[in-house]
Structures are given as structure tokens and as C-alpha cells.
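Dear colleague,

Please find the structure below, with its sequence. My notes on it follow.

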Amino acid sequence: MNQRSVVTLTINGAVVEARAAASQTLLTVIRDQLLLTSAKRGCDQGACGACTVLADGRAVRSCLSLALDCDDKRIDTIEGLGEDPTMQTLQRAFISGGAFQCGFCTPGMLLAAFALLTNNPRPSEADVRYALSGNLCRCTGYKKIVEAVLGAARALPR
Amino acid sequence: MSKHGDFGIGKSAVQIEAQEKVSGAAQYIADLYRPNMLFGAVLQSPHAHARILNYDVSSALSMPGVRAIVTGDDLQEHWRIGAFIKDEHALAKGKVRYVGEAVAAVAAESEAKARAAAAAIEVRYEELPAVLSPETALASDAAVIHEKASEYIKVFDTGTSGNLCSRTSFREGNVDQGWRDSDLIFEARYETQPQAHVSLEPCGALAEMDANGRVSLWSANQSVFRVQANVCESLGMPMARLRCLTPRIGAGFGNKMEPHVQPIAVLLAMKAKRPVKLILSREQDFEMVRARHPFQIRFKTGVKRDGTLVAREVEVLVDGGAFADDSPGVLGYALLMSCGPYRIRHAYCHGRLAYTNKMRFGAFRGFGVPQVTFAGETQIDEIADALGLDPIEFRLKNLKREGDSWLGGQPIDSNGLAECLDRVRKASGWTGKRRLPNGENSRRALGVSCSAHISGLLSTGAIIRLLEDGTVLLNTGSVDIGQGSNTVLSQICAEALRIPLDRVSIASPDTDGSPYNWGTTASRVTYMTGTSVLRAAAEVEQKIKDHAAEILECAPADLELIPGGLVAVKGISHRNISFAAVSGRAHWAAGGPIIGSHSWVFDQKTIDPKRASVIGLPFPQIGGFVFNAIVADVEIDESTGKCRVNRAWSACDVGRAINPQMVEGQIEGAFVQGLGFALFEELVWNGAQIANPSLMDYKIPTFVEAPSELHAIIVESKDPRGPYGAKSVGEIGINGVAAAITNAVNTALDVRLRRLPLTPQRVLTVILERELTAEAARAQ
Amino acid sequence: MASIGIASSPALFRPRTLTEALELLATIPGARPLSGGASLVAMMNAGLIAPTTLVSLTRVAELSGLHVSPEGTISIGAATRHNAIATDGRLSGTTSVLSRAAAQIAGEAVRNMGTIGGAIAHADPGLDFPPALYVTDAMVGIASNSGRRYVSIREFFVDWYTTVLRPGEIVVVLEIPKPKPGVALYLKHARVAGDFAIASVALSLTRQGEVRVAIGGCGPAPLASPEADRILSSDMSVTSVRRAAEVLAELANPVDDVRGTADYRKLLIPRMLTRALQNGVAAARVAA
């Protein structure tokens with residue numbers, strides 16, 4: 001009935017074993033089994049961005065990824081990027097810039113911004129809005145987030 | 001802006017919870033675990049209106065992992081709740097009244113098992129005619145949704161009858177005389193749509209009963225005290241038996257102020273005798289909880305040719321959905337605010353709220369004011385245009401000024417509205433010509449609006465304890481839903497006691513330990529709870545001085561607090577003693593540990609019976625007025641009808657910005673939420689069913705729709721009552737957004753749009769009408 | 001309303017070769033192919049479908065990637081991600097319409113996951129690829145364990161959410177004729193960024209003035225007609241554009257939905273066509 005298979009995932013640089021049924025998403029596994037709760041379930045449809053994680057450095061929706069299909073990628077959640085200088089710069093910019101209120105969208109938002117700055121270290125405002133348009137925020141009106149990302153980009157070494 | 005205080009006031013202190021939010025460590029309800037926990041799932045009603053004949057839970061109960069099932073049979077008939085009319089049970093009992101209503105719930109070892117079992121519960125219904133609009137609801141032959149309405153406890157004289165849930169009317173002056181005194185009268189009908197809150201965090205709760213039968217309940221909430229009252233009333237529990245706690249909250253906007261699944265989670269936990277966590281899916285959050293009321297508005301305004309407003313009549317018909325919830329309050333409050341911040345001699349504001357077989361509508365930022373402001377402020381522009389007056393000049397001519405009172409006679413303690421209008425006029429470069437240069441395929445214009453809101457309502461308190469080491473624990477019971485109240489209240493406390501912010505800790509709201517706070521709603525926390533913090537701090541200060549006086553051998557009046565947690569003789573700062581030393585004496589030698597507390601209820605009367613008469617007043621004491629002016633630059637793509645807000649300026653008189661960055665955050669966030677309300681957000685019903693209960697089909701603004709330039713302008717009128725002069729900012733920023741945007745579109749296209757949202761389709765329709773009229777004119 | 005409450009879970013296969021994948025799809029009843037997951041997993045999460053067997057194509061290397069033949073024709077593997085298409089400079093000239101369409105799909109994360117084959121197999125009328133593929137005269141390569149066939153993209157969509165794919169068949173490649181020098185654009189009208197299109201226009205314009213146009217969002221399949229292309233290729237006067245729009249509007253069969261009514265969509269056709277052509281001509285001038 002509820003067949004669960006073992007899957008070996010590389011999460012935040014560590015190799016971990018999890019058990020998952022085929023229909024279970026990466027979001028479910030990382031939250032419920034690995035207790036990495038930074039990725040949030042906002043809609044389970046891929047529409048809100050709160051579940052965003054990085055797969056091989058690219059932003060993806062963990063709610064649309066089947067856990068058993070993720071063993072060949074390096075998955076990063078925000079818990080694993082705390083020592084990364086780019087992420088730290090972003091976090092500092094978010095904090096000082098008031099770029100979050102309730103904070104529910106923030107992990108996904110930071111990861112999306114991190115993926116952007118990794119690929120495009122000097123984004124324009126339009127680049128930032130476009131790259132982050134898949135991450136919804138209902139609290140801030142987006143302005144301070146844009147400013148924080150642009151500020152972080154400027155603060156990063158050339 | 002005023003100079004900031006030494007410690008907190010006026011500083012854009014970062015959120016106390018900042019580190020946990022950026023690191024992903026913040027724990028929201030869905031992130032919490034308790035040992036031996038079960039998962040809950042809800043069965044929803046497929047019918048809009050039906051009697052429940054019986055339940056068959058036998059096959060569901062026998063499914064693997066199922067530990068408890070609850071239905072309306074677990075509830076007693078008189079266990080009813082409701083903020084104004086107690087008309088609702090924890091689960092549907094006897095009847096279902098809307099498609100999607102919670103009918104039964106399951107606790108099982110996994111969420112998947114709980115969902116499967118919920119789907120296996122068989123419920124037999126006898127369908128009843130569904131009433132799907134306020135008009136049909138109020139017709140004499142309509143099926144009655146609440147047959148026992150006359151038995152329901154009501155908090156004020158609602159006038160409930162049949163499907164009429166409540167009615168309210170305010171009268172000031174004599175509008176009939178007003179029409180006679182007017183040179184011109186304008187009258188039109190307006191319509192606004194249901195809007196979904198779409199907090200990023202769906203609703204959820206986790207309940208656990210201990211071996212003594214006491215229950216702990218964590219939930220996504222805007223008030224631990226409303227949760228406590230609602231759960232206990234709905235389950236027949238003494239309130240002292242329920243402890244309500246608060247994780248981090250992923251926003252609310254009104255959706256989490258009154259109950260959602262908390263009673264169900266507690267019911268399951270008590271039956272299963274294990275902790276139960278129940279988190280709604282996004283679809284359920286759309287379908288089961290609440291949304292902003294759709295309004296039908298008839299607005300009539302009489303004016304003199306010289307531009308003086310004489311009279312306004314506002315009549316509204318509001319769809320309340322299946323349960324009263326906050327709706328009678330929304331009706332009453334919207335009417336109270338509907339005439340706008342203008343000097344008007346004669347006003348008659350009245351309306352009715354109908355029960356229908358739809359999901360309940362309830363509190364949503366603005367609480368009815370965005371809807372009536374849309375009507376009132378677009379009519380103001382229509383009048384200005386007809387008189388050949390500039391819309392800002394017209395407003396300035398009629399504006400309530402310093403010393404004026406609100407409809408009903410309540411004094412307005414501070415009024416910065418004229419400055420708000422002035423600031424947005426200057427900042428936007430507003431000239432008499434509101435049309436901006438057309439694009440190749442687009443038209444563009446500026447639009448303005450004014451609005452008001454309140455800051456003071458119901459009760460709150462604060463307790464400040466001086467700990468043994470002289471640091472401070474602040475406990476207020478106010479829930480921080482992301483807006484930053486924890487930080488702001490700590491800033492007030494730090495400022496009052498002249499200590500660094502990091503020596504203040506604020507307790508998490510907990511009904512066991514926190515003083516009562518009605519809730520994080522009505523933009524009230526800074527004004528109400530901030531006042532309590534200030535007064536509690538004053539009590540702490542007095543007690544510190546009393547102790548220090550003994551130690552330093554002087555009179556308490558000779559002492560003052562000096563920065564850094566010290567109390568010293570005035571003018572001789574080296575003769576001082578630390579808070580720690582004082583606290584030590586208090587703890588171990590004399591007087592007892594130092595506690596300061598304050599508790600109050602807002603008691604300024606809404607209505608002066610010599611000024612105005614009112615029937616059906618839900619809020620007899622509400623006030624603390626704040627003001628806003630907005631100018632929006634809107635461009636319309638004439639090939640599709642799609643509108644875009646390019647730039648916006650929103651000035652809010654907040655009294656005093658305790659934390660300017662957070663104040664901006666509220667203004668900016670409210671603007672974009674209002675933009676969605678204005679241009680495309682709509683919860684659509686297909687017959688009895690919500691057609692778009694998902695984020696694929698219900699869209700909120702993204703980074704791209706937000707204006708490229710969004711200017712939050714802070715105006716400080718320094719309220720004499722508010723803490724350090726502060727009033728509020730939570731809701732004022734949304735009230736006038738749709739009106740300003742619509743005024744811009746109306747100007748750009750030379751039309752009068754009276755229905756929200758301004759979808760591309762609606763706008764293209766008026767563009768085509770105009771094109772056809774122009775073509776016909778050319779042909780002649 | 002959600003919930004088929006999935007208590008039993010599907011079997012998941014992850015073949016490494018196309019042959020293996022096709023064998024599984026042919027022999028296991030009810031087996032569904034899983035590509036990017038954007039549509040399928042979302043529907044599973046919502047309880048709308050409960051497949052008994054999933055065949056993940058994510059490890060089938062030959063399905064991914066964009067290749068250019070010596071003759072200049074372009075093959076896009078069905079499992080190529082939207083973002084790869086959005087940023088591939090080899091989709092130049094008239095074929096750049098594919099990149100422009102890909103860039104406007106959903107959000108960044110979905111563009112990193114969704115695949116062109118998965119998208120067109122799902123056949124949502126609001127999708128961005130179909131009208132762009134029409135304009136490039138793409139051929140859809142379809143494979144099953146009994147062989148391969150090619151269908152013109154203009155024959156691929158047969159009804160609402162329905163394609164010519166038979167059980168056991170999957171899209172394996174999109175074959176795009178050699179790009180012609182010129183410009184292309186994808187004009188999308190949606191409520192918000194990333195939403196499904198209410199209506200859209202895919203347009204290519206060669207240096208010789210040859211026009212190809214297709215309208216999305218106005219029916220189960222994009223609207224396109226050789227006659228409309230011919231009219232616009234000869235001239236773009238107001239009369240011609242109106243005529244071409246009429247030809248296309250006649251093919252329209254839109255629905256009412258929360259994004260707009262059928263009537264509204266029909267109204268958009270001439271207006272968006274005009275706008276697209278204006279933009280196209282302006283782009284051509286800049287490019288020249």
C-alpha cells in the first residue's frame with residue numbers, strides 16, 4: 001500500500017538517507033523527516049515560492065519535486081548556507097533593509113536572490129524583479145526586498 | 001521627521017526576530033512538533049445549504065492509523081461562537097451552510113491517512129435551497145439560513161431577522177434639508193468584489209491535552225485571547241482550562257483574528273488523547289476561512305456650486321456569507337467612515353448585512369473602508385470635474401481640519417491630513433493637468449484619494465517586570481504577525497526606562513501569563529498596547545525611585561532615570577544606583593520584586609447623542625483617527641485594457657513613527673495589497689462554489705506588478721494621547737488605493753468606472769465604448 | 001475542493017534510456033511519464049489525479065539538450081528545461097520566438113524545472129510554447145516502443161487538454177527548421193507576471209518581410225492560418241491587419257474563465273495582432 005523506498009539525498013553537502021513514497025515531494029521529506037523546516041508549504045502547487053530550494057545551484061520548487069527523483073542533485077536549503085559569504089551579505093542586507101515582515105516567504109526569497117546573484121552578480125532592478133517574480137510576498141510590497149538585493153549585489157566583491 | 005529619542009523612539013530598529021527569519025529557524029505553526037503527535041484533516045461540505053441527517057464514520061474509523069473522528073454530534077447545540085452574533089459551531093451542526101464548510105475531522109498517524117479517512121466519512125444530507133446573493137437572501141420567500149437566529153446571543157442590537165444578519169444607520173443633521181441646500185446632487189451605484197487574504201502561511205493549529213485535562217493550543221492567530229474565548233465557548237470548556245500560545249505567524253491581514261481550525265484541533269486532541277496538528281491546504285485556506293466582504297454601495301452627494309460639500313448619503317448592502325463573524329462590525333465601521341474626512345453638515349449612512357450560503361466574509365485590512373472609500377473618493381473626483389475644480393483643491397476646501405470631530409461627534413485628537421495631501425501633491429508633481437503624456441498605445445494619468453482609519457479599540461494591558469539583574473521582561477499579550485509590534489513595543493519600553501533595546505525582552509503571547517489583549521487587528525497595537533507599556537513603565541519607574549530614595553536617602557521626586565539602567569539624583573548623576581541594585585533590594589529585602597502594569601479599555605464614545613443618532617452600533621467606543629492621501633500614476637494599455645501603476649505616493653499621518661522603516665513597510669505593503677484589490681484580485685463564485693480557490697487561479701501582485709516607484713511618506717501630527725504621539729499605520733495605507741487608481745484611470749480614459757476590480761476586460765469595454773462613440777461622431 | 005486522500009502510493013520507475021522508458025510506458029497499464037513535474041506533481045498534490053505508476057524521464061540523457069545539425073535545423077530534446085531554451089543563443093532570428101516565449105513562463109524556479117515536452121503534452125490552452133512553436137513550423141517527434149513518428153505542431157493539439165499522443169507515446173524531440181534572419185517576439189497578455197496567458201501573439205518577421213503569426217489562449221490550439229500569414233506578408237496596412245485578424249478570429253474557440261471571457265479574448269485578437277506587428281516592425285528597424 002504505502003510503499004516507501006530509501007533514497008539517498010545530498011542535502012546541504014551531507015549525504016542523508018530518507019524514506020519516501022513515490023508521491024511524496026522533496027518538500028515533505030526535508031520538512032518532516034530531515035526536520036529542515038525553512039522551506040515552507042505555501043500552496044503545494046509551485047505558485048508561491050515559499051518552498052524554494054536550490055538544486056545544483058538553481059532555484060527549484062521542492063513541492064513539485066518527487067523526493068525519490070532527487071538523488072542525483074545537490075540540494076541546498078537556507079540552513080546549509082549560513083556560512084556562505086554571498087548568503088550572509090544578502091541576509092545582512094535583508095535585515096538592515098527591513099526586507100521581510102512575517103518572514104514566511106523569506107527563506108525562499110533569499111534562495112531565489114542567492115541563485116540570481118550567483119548567476120548575475122550585477123543585476124539591474126528589472127533583472128531582480130523578473131528573477132524573483134515567482135516568489136510571492138504579501139507583506140512588504142516588494143520594494144525593500146528589491147533594494148536589499150541590489151544593495152547586497154553592490155556589497156559583494158567584484 | 002522629529003528627532004529620534006535616545007533609545008528607541010524614531011529609530012528604525014531591526015526586527016527582534018530578524019536573525020531567525022533570515023536563517024530559516026523561525027518556527028511557524030506547521031513547523032512545530034509534539035511527541036506522539038497525530039495529524040488532522042477536515043471533511044468539507046459539498047453542499048451550500050443542507051440538513052445533516054446522519055454521519056457514518058465506521059469505515060473511516062477502521063482505516064489504518066486513524067485515532068479519532070469528530071463531527072457536529074460531539075458538540076452541544078448551545079456551544080455557539082461569534083464575535084457579534086453567536087451563530088457558529090466548531091463544526092457544522094445540524095446544517096451545512098456553505099460549500100467547503102468543515103463538517104467532520106479526523107486525527108491519524110499521518111496527514112495522508114487522515115485525509116484518506118476524512119474522505120471515507122459518509123454524511124447524508126437533505127439539500128435545501130441555496131441562497132447565493134444578498135438580494136435573494138432578503139426576499140420574503142428566501143430559505144432561512146439561521147432558523148434559530150432569534151435565540152442567538154448578540155453583542156448589540158443587530159436587528160437580526162430572517163436572513164438579515166444586522167443593520168446599522170447613522171444620522172447627523174438632516175439630509176433632506178441637505179439636498180434642498182445643494183446646487184448639484186450626484187448619485188451612483190458602486191460595487192466591490194470579494195478579496196482573499198492570501199497570507200503566505202495557511203491557517204493551522206496544534207492542540208495537546210495533558211494528563212490533568214488541561215489543553216495547550218498553538219495556532220496561527222492574531223489574538224491568543226480570541227482563540228481562548230472562541231475555543232472554550234465552542235467546546236463548553238472553562239477558559240482557565242485552555243492555554244493558548246503563539247508560534248511565529250506568517251501574516252494574517254484579518255484572516256486569523258477570529259477562529260479557523262483551532263476548535264477542531266482541540267476537539268480532536270481531547271478525543272484522541274494525543275496532540276493533534278491540523279494545517280489547512282492553500283485551497284482550504286481559500287474555501288473554509290473568510291474573505292473581504294463584497295459591497296454594493298449607493299452613494300449620493302450634494303454640493304454647492306462653489307464646491308462646498310453639503311450632504312452625503314451612503315447606503316450599502318453587504319454579503320456576510322453563512323456566519324456573522326466580524327461582519328456586523330464591518331458594516332457599522334464602514335458606514336461610520338464612509339463619508340470620508342470632510343466637513344459635511346448632513347450625513348445619513350445606513351446599510352444592511354445579509355446571510356448567504358457562501359463562505360463567511362470577515363475582517364480584512366481596512367474592515368470595509370477600502371470598499372466605501374472606492375465609492376466615496378471616486379465620486380469626489382466626479383464632482384470636482386463637474387465643477388471644474390482641481391480634485392486636490394476640492395478636497396482641501398472641504399477637509400476636516402485640526403479641531404474638527406468625526407461623524408458622530410468624536411473629537412479628532414490630531415489631524416495631519418492636509419499635510420498628507422500637500423506632500424503627495426508636491427512629490428508627484430501634480431498640476432491641474434492630471435493627464436500625463438500618452439504612450440504609443442497607452443493613456444496615462446494621475447489620480448488622488450484621501451481616507452481615514454482608527455487606532456483605538458477595546459482593551460489591552462502590559463506587565464513589565466524588572467528581573468533580578470535589572471534587565472526587563474515585557475509582557476503584553478499582543479501577537480506580532482510580522483508587522484513588528486514586538487520590536488515597537490520593546491522600543492517604547494526601552495525609551496521609557498532609558499535602557500538599551502537589548503535589555504528588554506518581550507514575552508510571547510500566552511493566555512496563561514499575558515495580560516488580556518483583544519488582538520492584533522484594527523491597527524491598534526501601537527496606540528493601545530503602546531500606551532499600556534508606557535504607563536506600566538511609569539509604574540516601574542516610580543517603584544525604582546521609591547527604592548532608590550531609600551537607598552540614596554532622598555525623596556523620590558529628587559530622582560530621575562538616566563541612560564543605561566541607572567537612577568540618579570537630579571543634577572548629580574554620579575549619585576546613582578543601578579536597576580540591578582534596586583531590583584536586588586526589592587527581591588531580597590524590601591517591597592517585593594518590581595512589577596509595573598497597566599490595563600485599559602478605549603473609552604471615547606463613538607457617538608455623541610446630541611450630534612448624531614445611530615441604530616445598531618457595533619463599536620460604541622472607537623477612535624484615534626489617522627489619515628492618508630495617495631497619488632497614483634496609472635497607465636492603461638489600450639490594446640488590452642490592462643492597467644499598470646507606474647508610480648505612487650502615499651502619505652500617512654501616523655502621529656509619530658516609532659520605527660520609521662516598519663511604518664514604511666506597512667504603507668508599502670498595504671499599497672500593493674490595495675493594488676491587487678483595485679486591478680485584478682477577485683474570489684469568484686460559480687454558483688455556490690468558489691471557482692478559483694488556488695494560487696494558480698487567484699493571483700496576487702508579484703514583483704512585476706508592484707510600482708517601480710513607491711514612495712511612503714510619513715507625516716507626524718504628534719497625537720496628544722498616543723504613546724510618544726503615535727497612532728497607527730496597519731490599515732490606513734490600503735483604504736484609498738483603489739480609489740486613487742480608479743481616479744487615474746477615469747481621468748486617463750475619460751470614463752467613470754464604478755466596479756472593482758478594474759480588470760483588463762472591464763477597462764477594454766469602456767475603451768471600446770469610447771472608440772465607438774468617437775467613430776460615430778466622426779461619421780456624422 | 002481537494003482530496004482523493006492518497007493512502008496508496010504509485011510505483012516510480014527511473015529508466016536511464018529511452019528504450020527502457022518506452023517499454024515501461026507500453027507494458028504497465030496506467031503508467032504516466034513524468035518530466036519536469038510542474039503539471040503532474042501539482043495535480044497529484046491537489047488530489048486531482050492518483051497515478052498508479054510514474055515513469056520519470058529525468059535520467060534519460062538523450063531527451064535533453066538542444067542540437068544544431070550541419071544543415072542548421074535545430075533539435076530540442078523534449079526534456080529540455082524552459083530556462084535552457086530561454087537563454088540559448090542558437091535560437092536566433094525567427095526561432096528566437098521560442099526563447100521569448102520560454103522566458104515568460106511562470107517563475108524562475110518553474111522555468112528551471114518545466115520541460116518543453118512536458119508542457120505541450122499537458123496541452124493547457126494558456127501555455128506559451130504552442131503559439132511560438134507554430135510560428136517556427138516545428139515538427140513534434142513522438143516515440144513509443146513500436147517506433148517513432150513525426151507530427152506537425154499544427155496537427156498536435158486536437159482538443160482541450162488533448163493531443164495526438166496515444167497511450168504509451170511520449171514527445172521526444174521538437175525539430176525546428178533552420179532559423180531565418182529576422183526578428184521574432186512573443187507578446188503575452190496575462191493578469192500578472194507568470195500567469196497563464198489570457199491571449200498571446202507569437203510573431204516572426206524575416207528580413208524579406210515574411211510574416212508568421214499564431215495566437216495563443218483563444219482555443220484548444222493556437223490560431224494560425226497560412227492565409228493570415230500571406231495577407232500580412234504582403235502588407236501590413238490597417239485593412240490587411242484587420243483582414244488577417246478576422247481570418248484568425250474565425251478559428252477562435254475560446255472559453256470563459258476567471259482570466260477573461262471568450263468574447264473578451266476575441267476582442268483582443270485584432271488589437272494584440274496590431275500591437276505585435278508594431279513591435280515587430282520596430283524591432284526589425286533596430287535590428288537592420
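**An enclosed helix in chain B**

All 11 of the 11 residues of helix α9 (residues 327–337) of chain B are buried, so the helix is largely enclosed by the rest of the structure. A residue is called buried if 20 or more other C-beta atoms lie within 10 Å of its own, exposed if 12 or fewer, and partly exposed in between, with C-beta atoms placed from the backbone. Helices (H or I, at least four residues) and strands (E, at least two) are DSSP runs, numbered from the N terminus.

This is a predicted model, in which local features need pLDDT of at least 70 and side-chain atom pairs count only at pLDDT 80 or more, while totals for chains, interfaces and linings use all residues. Residues are numbered from 1 along each chain as its sequence is written, and chains are lettered from A and ligands numbered from 1 in the order in which they are written.

The buried residues of α9(B) include Ser327(B), Pro328(B), Gly329(B), Tyr333(B) and Met337(B). What do the buried residues of α9(B) pack against? Their partners are β7 (164–172), β14 (309–321), β15 (346–355), α10 (369–387) and β17 (442–453) of chain B. Contact here means that the C-beta atoms of two residues, placed from the backbone, lie within 7 Å.

**The rest of chain B**

Chain B has 19 helices and 32 strands. Its C-alpha atoms fill a box of roughly 100 × 75 × 55 Å along the principal axes. For 780 residues, a compact globule would have a radius of gyration near 28 Å, and the 27 Å of chain B agrees with that. The radius is taken over C-alpha atoms, and the globule rule is 2.2 Å times the number of residues to the power 0.38. Of the 780 residues in chain B, 65% are buried. Among contacts in chain B between residues at least 6 apart in sequence, 80% join residues at least 24 apart.

The largest nonpolar core has 423 residues, and those touching the most other members are Ala105(B), Leu217(B), Ala265(B), Cys493(B) and Ile741(B). Helix α16 (residues 660–679) of chain B gives the largest share of this core, 10 residues. Such a core is a set of buried Ala, Val, Leu, Ile, Met, Phe, Trp, Tyr and Cys residues joined through C-beta atoms within 7 Å. Leaving out residues up to four places away in sequence, Ile741(B) touches Gly447(B), Ala632(B), Val634(B), Val645(B), Leu675(B), Ala678(B) and Leu679(B).

There is a cis peptide bond from Leu756(B) to Pro757(B), with omega near -5°. Pro757(B) sits in the loop between α18 (737–749) and α19 of chain B.

Chain A contains five helices and five strands, in the order β-β-α-β-β-β-α-α-α-α along the sequence. The radius of gyration of chain A is 16 Å, close to the 15 Å that the globule rule gives for 158 residues, so chain A is as compact as a globular protein of that length. Of those 158 residues, 68% count as buried.

In the contact between the two chains, 40 residues of chain A meet 43 residues of chain B. On the side of chain A, α2 (85–97), α3 (106–119) and α5 (143–155) each give two or more residues. The largest share, four residues, comes from α2(A). By class, this side of chain A has 18 nonpolar, 15 polar and seven charged residues. Ala, Val, Leu, Ile, Met, Phe, Trp, Tyr, Cys and Pro count as nonpolar, Asp, Glu, Lys and Arg as charged, and the others, Gly among them, as polar.

**Chain C**

The contact between chains B and C takes 27 residues from chain B and 24 residues from chain C. On the side of chain B, α3 (111–120), α8 (282–288) and α19 (760–779) each supply at least two residues, and α3(B) has the largest share, six residues.

Two residues of chain C have a positive phi without being glycine. Ala106(C), with a phi of about 45°, lies in the loop between α4 (96–102) and α5 (108–113) of chain C. Tyr161(C), with a phi of about 55°, lies in the loop between β8 (157–159) and β9 (162–163) of chain C. Which is buried and which is exposed? Ala106(C) is buried, with 24 other C-beta atoms within 10 Å, whereas Tyr161(C) counts as exposed, with 11 C-beta neighbours inside 10 Å.

Regards
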